[in-house]
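Open the model in your viewer and keep the selection panel at hand.

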Amino acid sequence: MKPLLITSGTVVSAAGRGLAETADALRARRSGLAPCDFAGIAVGFAGVVRGVQAHRIGGSDPRFDCRNNRLADMALTTDGFDEAVAQARAFYGPERIAVVLGTSTSGILSAEDAYARADPATGALPPSFDQARTHDLFSLPRFVAARLALDGPLLSVSNACASSSRAFVDARHWLETGLCDAVVVGGADSLCRMTLRGFDSLGLVAPDRARPCDAGRRGISVGEGAGFMLLEREGARPGARTMARWLGYGVSSDGHHMSTPDPEARGAIRAMLEALRHAGLDPSEIDYVNLHGTGTIANDAMEDLAVHAVFGDAVPCASTKGWTGHTLGASGIVEALFSVLMMRDGFLAGCLGVEIVDPMFRSHVLTGNRAATPRAIMSNAFGFGGTNCSLVFGAA
Amino acid sequence: MRVAVRGVSVWGPGLSGWAQAAPVLRGEAPWVAAPVQPPPPASLPANERRRAGAVTRLALALAEDACTQAGFAPAEVRGVFASSNGDGAVLDDILRALTTPGGDVSPTRFHNSVHNTAAGYWTIGHASLAPAVALGCFDWSFGQGLLKAAAECVVEDAPVLLVAYDLPIPGPIGTARVTRDAFGCALMLVPCGTPGAGAMLDLSYKTGPIGPAEAGEQLGSILIDNNPAASSLPLMAAIARHGTGARSPVRIPCLPGHLTIEVT
């Protein structure tokens with residue numbers, strides 16, 4: 001594919017608010033995970049973003065107020081992202097900038113709260129509950145577009161934990177057909193009772209911090225996060241700075257099981273090979289693979305098999321979920337920005353908290369940080385339903 | 001952008017698959033109220049069929065009907081699954097469970113709570129490695145889904161199966177998000193010039209909103225605002241009338257603007 005420019009980006013996770021804090025935490029190998037006490041649920045560790053609950057959303061429509069949009073608003077107002085979008089808007093016109101975002105649960109916490117406050121006699125939900133503008137999946141792009149004063153077409157992508165990765169692909173389809181000149185791409189997922197209880201019911205939450213790729217890994221830590229990028233065509237807007245380039249993508253399904261990855265990793269391998277083909281790169285031209293690396297036994301073993309099948313043991317790979325926990329549908333955009341930071345600042349982040357790399361693994365797992373000048377990074381995301389997405393990013 | 005249609009399906013009140021629905025949509029056969037009872041998905045093994053909810057069964061019936069007409073092996077086709085509500089029964093069940101002491105959630109319900117559940121069962125049923133995206137765009141799910149599916153068909157130069165579907169949601173959440181009828185539709189879009197294609201869709205996105213009333217279509221008691229997927233009705237009717245000489249552009253809401261579609 002013809003590379004698209006990333007002209008602005010912002011990220012918020014337990015690792016930090018904004019690019020500077022995040023880069024600092026990555027370099028200092030400082031985890032944002034802490035024992036989970038969200039909504040009174042003590043399930044392992046969680047990657048809570050500080051200040052979400054107290055954050056007040058901007059914009060003119062308070063009906064969009066919910067935890068997920070607060071988290072999104074924190075990101076929009078960090079790293080000068082909203083100002084960068086305003087400049088693009090002035091150049092292209094508001095109707096020429098689309099908003100394509102991924103989320104798996106949007107503002108479902110508001111629906112959970114509404115059920116908790118239902119009238120005990122009638123079961124009626126409180127009239128203040130605005131389902132469309134909080135809980136609904138489309139709430140996120142509607143809020144973000146309103147907040148950034150954009151008037152281009154909107155899309156909510158909800159492919160479980162691959163949501164905000166897959167959103168890049170859908171954004172490109174709209175850009176390439178000329179439907180728009182720029183896209184705000186990314187997504188947000190925020191903590192809620194459902195995902196904490198749900199992953200716990202599947203026995204997938206680690207009692208300790210998530211330790212992807214460790215021989216003794218015991219599952220995920222649930223996290224929350226939001227991130228956005230502005231995608232534009234090369235040379236379309238004079239003066240636009242290039243933060244990084246988006247070079248390629250591969251998308252596939254497992255066709256295997258709703259919540260267990262294909263042990264043969266056929267879908268993951270296909271996604272990675274297609275991403276390389278799209279980017280026009282050989283495996284040896286990838287400098288680092290940012291693993292989906294959730295910390296579950298099955299995911300990490302499957303992904304090691306897939307990475308080894310594509311790259312052998314030549315390319316260093318690691319998961320950053322030891323910093324953030326699994327930010328679910330936001331993990332794609334969060335880790336896309338981590339990848340951009342590694343290329344910008346010249347380092348590779350190795351897995352956090354690993355004592356012994358799983359001895360069955362054959363790929364080249366990094367367990368410490370390394371100074372490097374990565375020019376191309378692949379970032380993987382896989383989700384329930386057997387959905388896979390690999391993205392390749394290039395240095396500016 | 002231009003794409004061609006090579007397979008189409010619709011299930012809704014009194015509309016039971018394309019073979020039965022097409023003459024009704026053309027006005028050649030009367031619309032008779034009937035419950036929406038799509039066949040069980042033949043593609044799913046018995047254990048998966050038990051786990052799949054009613055909304056997944058609806059989506060799979062639509063997808064299979066459109067694939068059969070197109071003569072495509074489902075495993076080769078990229079999917080776009082558009083639904084506002086996803087599996088509302090699973091959602092209500094989980095929201096209730098979270099209010100109980102202990103708040104325990106069923107693991108099967110939880111993995112079926114993801115919005116790409118129907119897409120997942122579709123690819124599992126056909127052991128398909130082809131990509132499938134799940135979109136959730138509230139009342140605009142059909143319009144946004146069609147714009148997405150058409151763009152994917154053009155850019156990837158490959159067939160794309162669009163499936164749009166929604167069911168009424170039970171329980172308290174169903175009073176906050178009201179969907180009155182079961183309804184779904186599917187379109188197999190193929191690049192222009194593909195042999196065996198039927199109607200051509202010339203599709204443009206325009207700024208400025210239109211209300212559902214402006215789309216104007218109503219069939220029996222099916223109102224297009226009774227279900228997000230039913231905003232496809234004007235297009236379904238135009239496709240059913242394809243080849244009869246009747247031509248008029250169709251308009252469908254697509255937030256924040258709308259789509260105009262010429263069916264030729």
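Start by selecting A:Ala149, which sits in the loop between helix H5 (139-147) and strand S6 of chain A. Helices and strands here are DSSP runs numbered from the N terminus, with helices being H or I of at least four residues and strands being E of at least two. A:Ala149 is not a glycine, yet its phi is positive, at about 55 degrees. Most residues other than glycine have a negative phi, and most peptide bonds are trans.

A note on conventions: this is a predicted model, in which local features need pLDDT of at least 70 and side-chain atom pairs count only at pLDDT 80 or more, while totals for chains, interfaces and linings use all residues. Residues are numbered from 1 along each chain as its sequence is written, and chains are lettered from A and ligands numbered from 1 in the order in which they are written.

Next, show all of chain A. Its secondary structure comes to 11 helices and 17 strands. The C-alpha trace of chain A spans about 60 × 55 × 40 Å along its principal axes.

Now bring in chain B and select the contact between the chains. Chain A gives 52 residues and chain B gives 54 residues, where contact means that C-beta atoms, placed from the backbone, lie within 7 Å. On the side of chain A, the elements giving two or more residues include helix H4 (108-116), helix H6 (163-176) and strand S10 (244-253). That side has 21 nonpolar, 20 polar and 11 charged residues. Nonpolar covers Ala, Val, Leu, Ile, Met, Phe, Trp, Tyr, Cys and Pro, charged covers Asp, Glu, Lys and Arg, and the others, Gly among them, are polar.

Chain B has 10 helices and 11 strands. Its radius of gyration is 18 Å, close to the 18 Å of the globule rule for 264 residues, so chain B is as compact as a globular protein of that length.

Within chain B, select helix H3 (residues 54-70) and helix H6 (residues 117-125). They pack at an angle of about 55 degrees, with their axes 9 Å apart. Axes are lines fitted to C-alpha atoms, for helices over the stretch in contact, and angles run from 0 to 180 degrees between N-to-C directions. H3(B) and H6(B) are therefore oblique to each other; angles under 35 degrees count as roughly parallel, over 145 as roughly antiparallel, 65 to 115 as roughly perpendicular and the rest as oblique. Among the residues that meet are B:Val55 and B:Leu60 in H3(B), and B:Tyr121 and B:Trp122 in H6(B). This contact divides into 7 nonpolar, 3 polar and no charged residues.

Then select helix H1 (residues 18-26) and helix H10 (residues 233-240) of chain B, whose axes come within 8 Å and cross at roughly 95 degrees. H1(B) and H10(B) are therefore roughly perpendicular to each other.

Finish at B:Pro256, in the loop between strand S10 (250-254) and strand S11 (257-263) of chain B. The peptide bond from B:Leu255 to B:Pro256 is cis, with omega near 0 degrees.

Terms used:
Two residues are in contact if their C-beta atoms, placed from the backbone, lie within 7 Å. The radius of gyration is taken over C-alpha atoms; the globule rule is 2.2 Å times the number of residues to the power 0.38.
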